[in-house]
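This briefing covers a domain interface and the salt bridges in and around it. Please look over the structure first.

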Amino acid sequence: MTIDFSLYLVTGRELLPPGKEYLESLEEALQGGVTVVQIREKRSDTLEFLEIARESKILCAKYKVPLIINDRIDIALAIQADGVHLGQTDMPVHVAKTLLPAGTVIGVSCSDPDHVKKAIEDEVDYIGIGAVWSTTTKKLVSPVVGVRGVGSLLQALDGTNIKAVAIGGINSTNALRTLHGSVSISGHRLDGIAVVSDIVASSAPRSAAQRLRNIFDAWVHHFDVQSRVTQVYDVGTVKDGVVELMQVIRDKSPLIHQITNVVVTNQSANATLALGASPIMATASEEMHDLSRIPGGLLINFGTITNKGSMILAGQYANEAQKPVVFDPVGVGATQFRRTTASELLNAWQASVIKGNAGEMASLANSNEVQAKGVDSVGSGFADPASFIREIAKKERCVAVMTGPTDWVSDGVTVVKLENGNKMLGDITGSGCLVGTCVATFCAGASLIAAAPGTSPGPELAKLVRGNMLIGAVGGVLALTVAAEFAAERSDVHGSGTFLPALIDELYNLKPETLLSRAKVQVL
């Protein structure tokens, strides 16, 4: 049978709130938009499980929603369920197929590539990928997959008819993050999300289900439209877009919230002011929600990782508010702690832009082509930087910026090559961090344009950020590198000590016409 996996409810009667009966909750969830139901009864004896399954089957049939039984083939046979779901330690699929009637839907839990490979060999109907987030509704026997781990598992399904749902800790707060991040580089998306406590534990399961269904439907529509329509850029449109952002930043002075390293706090704040924006260098977790509601952008730079909890909250709240999140993984390849922290942050929230040097970006991509020493890249760089930056942008589902003698920016489709700058940038501490600050500022400008009255923001429930982040990233890189060229040419600059204040001056005095006269832009 054909199943709509959009909103897959897994039951858990132990989670019901006081005063809420199981069948009452289930019916309200079905009314709210649940498209498939799995009955999971790990603590019930056979007779109790059978009765619950029989009553659930009657109710699901009323709403023409298929019923799946978790684990128990005998219960599925007894009530003529539409399907079964099997874990990795349950009955093997090939054995289950000999017992179940032809056409019975079979799903399998998968958490690694070997599980998916076996599911394909067994020709199952769907897989449940997880746990995507940590969860308390089920004891986990495998590590959390994480949002960023789902894409590679989905790509293995390319060319098959096997559907996929994500499960584990999914709720209305992180559903959009889950959907957006769980896409393979080949463009393979999830067919649904499986939810337990966000519906079952709710005192208003109809509303909870409706909210989740609305998020899923809006995102799928937006994704399908975006996959058919590709924005075409040329040098003129890129430069014009950057100039427009410069003026918006000067006019609107967006708030740029920066959780950054202690080495560059002062110069980053001054660079933000020089561009016309307003900096706030706040790190207290108690402030994160309020700051996310002020128009602007967020920069998370973990050169000195001392506020991980605040970084997680800030990014999540910014996603909710559809604000740009720029991530600068300074020195990510230097230690295991930095690599683990970067993965944790990027799973917790969706970055709008990731900016790093070649060594840092190689570390995020698990590539050995470019090595890192501390915060610096070692070697001559990537043999094909355009292809590399395009692929990491696809993988991370965001705009990627790779800095160096030549800067590369991509949204996963278009690649922009930038060749401005001066070698003195490498002689001052935190020049790369200043790029992150400028990118966050320009992305904030792009967000303000998209949110302005009279603009079309698109389907609200489908977006984690408003605005053209590719143009924002290009603008931020150009602002700093062009200002660096002007600063290096000044007669009062005699070395790195005089270069830094001159750089801030040139950012302050940067005009659209001077930027356009110097900008070296190629669109690939």
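Domain 1 and domain 2 bury about 1,700 Å² between them, with 55% of that area given by carbon and sulfur atoms. Buried area is the accessible area (1.4 Å probe) that two parts lose on being put together, summed over both. Arg-148, Arg-177 and Ile-185 supply 41% of what domain 1 buries against domain 2, more than any other three residues.

The model is predicted: local features need pLDDT of at least 70, side-chain atom pairs count only at pLDDT 80 or more, and totals for chains, interfaces and linings use all residues. Residues are numbered from 1 along each chain as its sequence is written, and side-chain values use heavy atoms, with hydrogens and water left out.

**Domain layout**
- Domain 1 spans 7–228 and domain 2 spans 235–523; the bounds come from an automatic or database domain assignment.
- The domain centres, taken over C-alpha atoms, lie 38 Å apart.
- In contact (heavy atoms within 4.5 Å) are 17 residues of domain 1 and 19 residues of domain 2.

- On the domain 1 side, α6 (147–155), α7 (175–181) and α9 (205–228) each give two or more residues. Helices are DSSP runs (H or I, at least four residues), numbered from the N terminus.
- α9 gives the most to that side, with six residues.

**The bridge between domains**
- The count between domain 1 and domain 2 is one salt bridge, meaning a side-chain nitrogen of Lys or Arg within 4 Å of a carboxyl oxygen of Asp or Glu.
- Arg-148 pairs with Glu-396, the closest N and O atoms being 2.8 Å apart.
- Glu-396 sits in helix α16 (residues 385–396) and Arg-148 in helix α6, 248 residues apart.
- Glu-396 is buried at 6% relative accessibility. Buried means under 20% relative accessible area, exposed over 50%, partly exposed in between (1.4 Å probe, protein chains only).

**Other salt bridges**
- The whole structure holds 23 salt bridges.
- Lys-20 bridges to Glu-24 at 3.4 Å; Lys-20 is buried at 14%, whereas Glu-24 is partly exposed at 37%.
- Arg-490, Asp-492, Asp-505 and Glu-506 form a salt-bridge network.
- Within it, Asp-505 meets Arg-490 at 3.4 Å, N to O.
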